[in-house]
Amino acid sequence: MNIVFGLWADGGASPDHGGGAGGSMGQPVVGPAGLVDLLEVSLGIGGPRKPQVVRIASFQSTLEGLEGEFFWSGSLGMDPWSTARTLLAWRDELIGLGWQQDLPWHEPRLADLAVACRAASQLPPGLSDRIAAVLKEFEETNAPPIERIRLIDSIDLHPSPIRRLVVRLRDLGSALETIEVRPAAPPETSLGKLQRWMLGAPEALEGSDGTVTVASSVSEPLAAEIVGQWFAGQTAGEIALVAQDGDTDLLDHGLSGFGQPRAGRSRSSIHRGSLQLLLLAFKSAWAPFDPHALMELLVFPNSPVAPRAAWHLASALEKAPGRGGPEWEQAWARITEKERERAGNDADELAAIGPRLARWREWAEQETANPVVGMPLEQSLQICDRVTTWAARRYAVTSDLLYAATSTLAGEVRTAIAAIGRDRLPRLLVERVIDQALDLGQSNPSSRAEAASWRSVPHPGSVWAPTTSVVWWNFGTTREGTARSPWSDGERRELAAADCPADEVTVCARAASAAWERVILNARGKVLLVAGGLDCEADDSLHPLAHRLKPALDVVGTRIGLEAALSTPALTIAGTTIERQAIAPRSLPTARFSWETPAGFSPRLAQITESATSLENLLSCQLMWALRHVARLRPGRVRSIPDANQLLGNLAHAIAREVFTPGTPPEPDMAAQSATDLLEGRIDQLAAPLRHPEFAEELNFARRRLPAAMASLARCLSDNQLMVESTEQQVSGTFEPLLALRGAIDLVARDRSGNAVIIDLKWTRSEKARMEELSKGRAVQLATYGALFSGEQPYRAGYFLLNQRQFATLEGSGLVGRLIDGDRSFPDTWAAIVAAWSIWRTSAEAGQILATGVEGVRDHLPPELTIDRDVHCERCDYSTLCRVRGLA
Amino acid sequence: MTEASTMQNRVDTTIASAGTGKTYRLVEEIVAEVGAALPPHRILATTFTKKAAAELVGRIRARLIEAGRPDLSAAMLSARIGTVNSVCGSLISEFAFELGRSPVAEVIAEDRQASVFSRAAGPVIEEFGPAISEIAERFGVQARSYSVHGRTVRGWQDDVRRAVDLARSNGIPPERLAHCAARSAAGLLGLLPAATGQAAEAFDAALASALEACTVELDRNKSGLKAGTLNKDVPTVDKAVRTLRGGDRISWPDWARLAKLGATKADEALFTHVVAAAAAHPRHPGLKSDLQRYIELIFDCAASCMTAYGEYKRARGLLDFVDQEMLALDIISNPANTERLRELIGAVFVDEFQDSSPIQIAIFTALSRIAGRNLWVGDPKQSIYGFRDADPALTSAASAAITAATGGTTGYLRRSYRARPQLAGFVNAAIAPNMLRVGMSEEEIMFDGCERTEDPDGQPGLSFWDMSGKNKVARTAILAGRIAGLLSDPAGWTVAMKGGGTREARGGDIAVLCRGNAQVGDLAFALSQHGIRVAVERSGLLFQPEIEFALAAFRWIADASDTLALAELARLATETDEWFAAVFDEDAKAGLIARVPFADALAAIRDRAHQLTPAEILDALLHAETVFATLLGWGNAEQRLQNLEALRGMVEAYQDEQHAERQAATLTGACEWVASRDNARQPQSRHPDAVNIMTYHAAKGLEWPIVILTELDAPAKGSPFGMIAQDEAAPDWSSPLAARVLRFWPWPYGEQQKDVGLDVSAPASPEGIAALAEERLERTRLLYVGLTRARDHLALANTGGSQTWLEELQANSGAPLISNAGTTINVGAEAFASRSSPDALDPAEATSDPVQEYMRPVSAPIAHPPLRIRPSDAILLEADVVVAATERLGDRIPLVGDPDLQLLGEAIHRFLAADDPNTGTTTRTSRAAATLARWTVPQVAPADLVEISDRLRSFVDTRFDGAAKLKEWPVHAEDGLQVVVSRLDLLVDLGDGYAIVDHKSFPGSVTLDQDRLREFAGQVSQYARAIERITGRKRIEYWIHQPIAAVMTRIELTE
């Protein structure tokens, strides 16, 4: 066999084989892993490979089993996994140097490592062990299994184990030659000049002819698009595409977008969709319960809770982020009902409902475990099993390897946590185990290279022969070559004395540098270096080779900002002219206040029942009301979980409902006590986010203020000699043609004479807005509830501001509280509301819906409008549609 | 002398004024050190930013190449050059075992620190919250900070966090915070009037009774009250009365407000008693006890938070920047590490030492006991990070003292390579008196020459630009108009070129320096009114239509129930109102989908979302057909693409954060995370015509041909209130953290800033005087930084009134130094030629023709076959396949049990590949046994494996008459644009062709149904074509070798 060997050739090389045109037999290009595999096969050694995580776990177990004090003892106690991983790397390096663990070592760290290595007799072999095994076989071998080895990298740049292997092959008779790197481009070209300058030739650097192009773009997608176009313009010669970091996902969009084949390289990532399910499953099983985590699980692609059920649960979480409350239970009841409807009379289907619901409940109603004390082992194993089952089923249906990987991941985590041997597993430990099992993640199983006349390589070092063009995609900074050696001078001396010297500190940096330079030297015609990203031209974003070449590139390089392609019909890059197409200008959607009423509006409106809130919205902005209440446009689920302040309000309302039962109001102290008693349970049911440490002060606030607020409300009722008639009183009615209304009044009370007092509970930071409503006759909610509850009968009403512990009502009401001199009575306010509703409806039917937050609308408002409310576009979800937002 | 001091090495210092070639000098020094045989990996150099580090490394490497040392240049990759934190991080990693820490330290990103802290500190906040909040509410302080009118009002949790941060960054342990509390309280309470002996209740009662009486009077006079009284005073009294009636105490801001009632003369008398009672608030014992208790609680809470935060991080293996520095200091200071450290670090170079924090100074000092060569380079005049807790006084004192104490030399770089002589002279004259007065020397302060020369016929470099106007908007508009005027007269504003000569100015030559981001934004807007490009990060990234558009698509992929996102897509993607009609359709969702041109493409991305990362999903949606055409059609394509790049960065950042937290990265999570960052900024333009606008702080280290300094009227605010770190005693350079202490003076009056007593007593206190003096000095340094950014033209923008900041540059007499004298700008007695400012253009004069922009031409999608053909996947359909021959090799090999067939196959393959019949049977059998053991298939006897090999050899030798056998032979053949890559089990060279032998180790015999035959035939066909292309030989035999069944079968294709 006749091989080409390079340090970076395992992931692909250019050329991709060692023969001539058309192909070759027995002339592969291999990297270290390929070479060792090839030798193992020829020698009949080697065995099934164990993943590195298994090796680390094994070494960790060895280290933990050692008795005595070692230099790593403290670190092992703190982070066993990382400690084992680091020490294993050191051990592997020593094995690669050819050290003997059985020798007496004097340097303390080497002596300690020798103890660990001797104890690690069951450690699955790594690459250096396999090299050592090959070398051992070679001790008894006379003939080389390989006739000829062409080295891409000079032997002095090889790390010790590889170097010793290659030297041994040479000694056995393999013909060894280093592929000479010469300037491949003609000397008169800029590229030729650059190459000769790199090799130290004294030729003057002058002129740039486009054969060396450094292209940059703040926008990586733009860079990908242009490189895609550039490839389309290459009709002759070979191209080596260097995909730094081995990923061409973005570039592939650029290539395929212009009809070019994809390079198909996908980097391993732990962030791929289905891999996340295990993390999510555990996340929603820790205390405090995290509604966001459950919501993410419910809307997860191919969620284990079927969308038809997940929808109801997500809805309940939006309204009351917690579990066990009325909303949550109602959601389950609805799910059950829908499943029964779905099954119809099919007995099998009906029988399947129970198990199906139980399965969903397992996902949605996991017990939460204390993260510090830990989750019971059994529960964590069940979580892993559930994920395994889910992923395996998905794999069976789709044959998608990522599901298989997810299933394997859950299986590995299960094995690992079972092996830990603890009854309870703290959160940190579980997350660390998952993190380890995830390792580097997975690449996209759907990515694959498409047939092309060019080749992509993941590292510049694997371009080993002259090629017409080199394109270096993602020519940006790298940590390559910066690794530092762990060995002290004393250790180095002892290793050298034992005939297993450590590599020079700089070998890694020099090898990387040589590899980077080689790809430039191998270009015959042109080099195109492409960097993208916001900081792509900043010093710390540049590839070290850019620093290295800078003095020459400043003279012979052609620097192109690819943004130029946005302003020109044709752009020449590295000798290829790229035609661009004029962009048809489109007008930017601008803010508009007037919208023609669509045909579907009225039929929809006829179906809706208004509420006090929807009327408030109508009086604030007609368009917002139309989109929210008539069209029912709504944002996504996760975004809908209320913030801490809203949660406090919801809690206050829920508690008030229970504290103030019909009859005589409780004594203030009793009200406070009841609130305190109820609070913690209701938080879990309705406001679980408050349990999270980030909201510690909001939780304190709830504990401090809610009982006080209830006491104050009790005092207010008592001061006014009111009896509680009902809380959450459902009311409905129809006014005007088509104004159907429904609502729930927070608290209805009666005075001694039996007159109704309507109390709306409010939780706000500042009382200012509510005071203004009363004073300006715009208290829509109070007026609406009054009309719904009392009809034509007299009533009194007011806001009870829970946070401020104030009852605010209109002057002249005869009630005790903060009395506001209002411009209108509540019945007058109601009359104004009804009139306004009618006006808005008429105006919509006449063909126009107005966005009242948009500048210029004032002159178009119906002049007879009797009541309006402030517009708060900054808080409006729909301002992206009227375009009051985003005017740039 | 202590042991430590005997090991002290020399420290040299270089004071480098602005633009005097500091980086050049550092490069030369490091190159010289490496050239003098110090291995590059023993170099340690710290810089203030990552960019500076990269620039330094790049220049050193280039310099080494120039010097003919490419070997050293390559080796420089392993040098320890970076920010202080990255250098500390590398040391921690290398000494992790010595520290007993995890070898993989996870550093908490700066923008994640707040959330990590709040999680760690949650239980402590829960514990301390009630007690702190009780007092904080009386001080008008909320729990968390909030914004009002563009201003951030701090909450008490911010004070706790700041105490924690400051204590840590000054090396103050939690147990010392009680001392800090006592010291702080003593100082602050000393500013309040002495106690009168009157009890707190008496003060309260007096105010309560006055208020009740006042209420009665107000009711009685209600109808006659003036508007001012009704609107301001009455609500204040009402609120106070309500508070008292509710059983609560009146807050101190309300005491202060009550003390200021009666501003309307006509009603003043109604409030006399309330005012008298309330005005006693500075003497109220409750105020003192509240302040004392509050300070104690904040420090107590901070101490507990420090502990909790430390434990939280320790449990998770997390480090923040301060931890990195403290740990590095521990490593460097530990004598046990000295020997190893000396191996690792031979020379230390510190850049920008003046910006170091106290811990960093301690680190550099400790390093000077390790490295034989130490050089600290910096410029005390440019120390402007007081707000980030650098301590210029400590830093300057420490560097001077260590240099002197170690016998080091102090060098000065005074020759300007940046500024033209006129500007350098102006800076010397303007800055020197202030700096000299605080003890600096002329060498430290003044340029002593310039590399550039003045063109005697050239334009003067200095100018005053009038920008007086009635309000901020008008003033900004004038400045923008003048910049527009300059750009309309580029020939009048020439700038020097690097190689010599001059050229006309363009936008990118200009930098406007502002004090804060608000003015940066205002000016950017004003310039955009003139159609002038600006290079500035602007707010509102998420509100840009292209971002809304991309995010709407992202959200809809994440959650198909998000009809709002769908409507946004339809709204932005189309130019008609059809979307609006669709939302009211019976099936609104379907209607909207029909109106989004690329909805199918997005739905297809959703279908494969489980294979992609959130970042890949974003890229995929951006490339859905017509998406870019839609976005770019709105014009200003470059900025929109930059904004999208920022969005891409945010999604990557989300993924990184989730990884760091070991949490799931989901699409919905990404949507929520991005949406919550509504302060994200638009990246600045890179266009060469874009005018640079930035803060003075951000301008440090940069230079431009034309620099305009603004906000020279900004007043000094120096206040002793708040939390600061200081030295309790004179600092000791050898132990810079020993005397560090915190001082916290809370402001108890909320928004009430004036006429409360403390507003007068505090500034007059020694602490108040020192605070103002320190701020003034920092302002002088900041002005120096601004003045020294200019290469050719320096403009001072004058807002008309008092230029407070500029006037702080004073002669010894206290008189402002700089004055505008028409054709000259005078600095004291020295006159510098000046020029007139450009005329201010009106925005209406700006002409903006629509700019045609370009994109990639639309291209039809093309399906490409995969690059690699896998012969095992090939199924031949177009030819008939027959079994041409079957030969038995012997008896079937018995299997005991149920082996894993894949492993068995591997074992057989491996053995057959390596087996050498020339070695003895014992050796072969033992190798077979080893192979079977390694592949865990004991179900086959080793001797049987040898038998399999012998049978195969015998068959091949007989059948092919001793032809050469190539085992496990790689084949790589091109087939059009596709390639066949494989390794053949056994290839027999027939001279004019090959026999391919394929081992199939399944235990049964080949079931020769057509499907299986076609599979084999597919392989045959692929291999045959491949080999023919490579060798030109056309004769191929294809044999299936079944070692267990002991059968050889020849497959043949018939046309």
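Predicted model: local features only at pLDDT ≥ 70, side-chain atom pairs only at ≥ 80, totals over all residues.
Strand β16 (residues 581–582) of chain A and strand β26 (residues 854–855) of chain B pair across the two chains, running in the antiparallel sense over 2 bridges. Within this pairing, A:A582 has B:Y854 of β26(B) as its bridge partner.

The contact between the chains extends over 148 residues of chain B and 136 residues of chain A. On the side of chain B that touches chain A, the largest share is contributed by helix α3 (residues 50–66) of chain B, with 11 residues. Sorted by class, that side of chain B comprises 69 nonpolar, 39 polar and 40 charged residues.

Turning to chain B as a whole, its secondary structure consists of 39 helices and 33 strands. Its radius of gyration is 39 Å, well over the 31 Å that the globule rule gives for 1055 residues, so chain B is more spread out than a compact globule. The C-alpha trace of chain B spans about 125 × 80 × 65 Å along its principal axes, while 50% of its 1055 residues count as buried. Among the contacts in chain B between residues at least 6 apart in sequence, 77% join residues at least 24 apart.

One helix of chain B that can be followed in detail is α23 (residues 545–558), whose 14 residues reach 19 Å from the first C-alpha to the last, close to the 20 Å expected at 1.5 Å a residue. Because 14 of the 14 residues of α23(B) are buried, this helix is largely enclosed by the rest of the structure.

The largest nonpolar core holds 529 residues, of which A:M710, B:I298, B:A302 and B:L621 touch the most other members. Helix α14 (residues 285–316) of chain B gives the most to this core, namely 14 residues. A second, separate core has 72 residues, among them B:I384, B:L423, B:F447 and B:I510. As for A:M710, once its neighbours within four places in sequence are left aside, its contacts are A:I655, A:A656, A:V659, A:A671, A:A672 and A:A675.

Some details of the backbone also deserve attention. In chain A, the peptide bond from A:S14 to A:P15 is cis, with omega near -5 degrees, and A:P15 lies in the loop between β1 (2–5) and β2 (23–25). A cis peptide bond also joins A:A287 and A:P288, with omega about -5 degrees; A:P288 is found in the loop between α11 (276–283) and α12 (291–298) of chain A.

Positive phi values in residues other than glycine are a further point to inspect. A:A574 has a phi of about 45 degrees although it is not a glycine, and it sits in the loop between β14 (570–573) and β15 (576–579) of chain A. With 25 other C-beta atoms within 10 Å, A:A574 is buried. In chain B, the phi of B:E968 is near 45 degrees, but B:E968 is placed in strand β29 (residues 965–975). B:E968 has 20 C-beta neighbours inside 10 Å and therefore counts as buried.

Terms used
Residues numbered from 1 in each chain as written. Chains lettered and ligands numbered in written order. Core = buried A, V, L, I, M, F, W, Y, C linked by C-beta atoms within 7 Å. Buried ≥ 20, exposed ≤ 12 C-beta atoms within 10 Å, placed from the backbone. Helix = DSSP H or I, 4+ residues; strand = E, 2+ residues; numbered from the N terminus. Contact = placed C-beta atoms within 7 Å. Rg over C-alpha atoms; globule rule 2.2 N^0.38 Å. Nonpolar A, V, L, I, M, F, W, Y, C, P; charged D, E, K, R; others polar. Pairing = 2+ DSSP bridges. Expected span 1.5 Å × (residues − 1).
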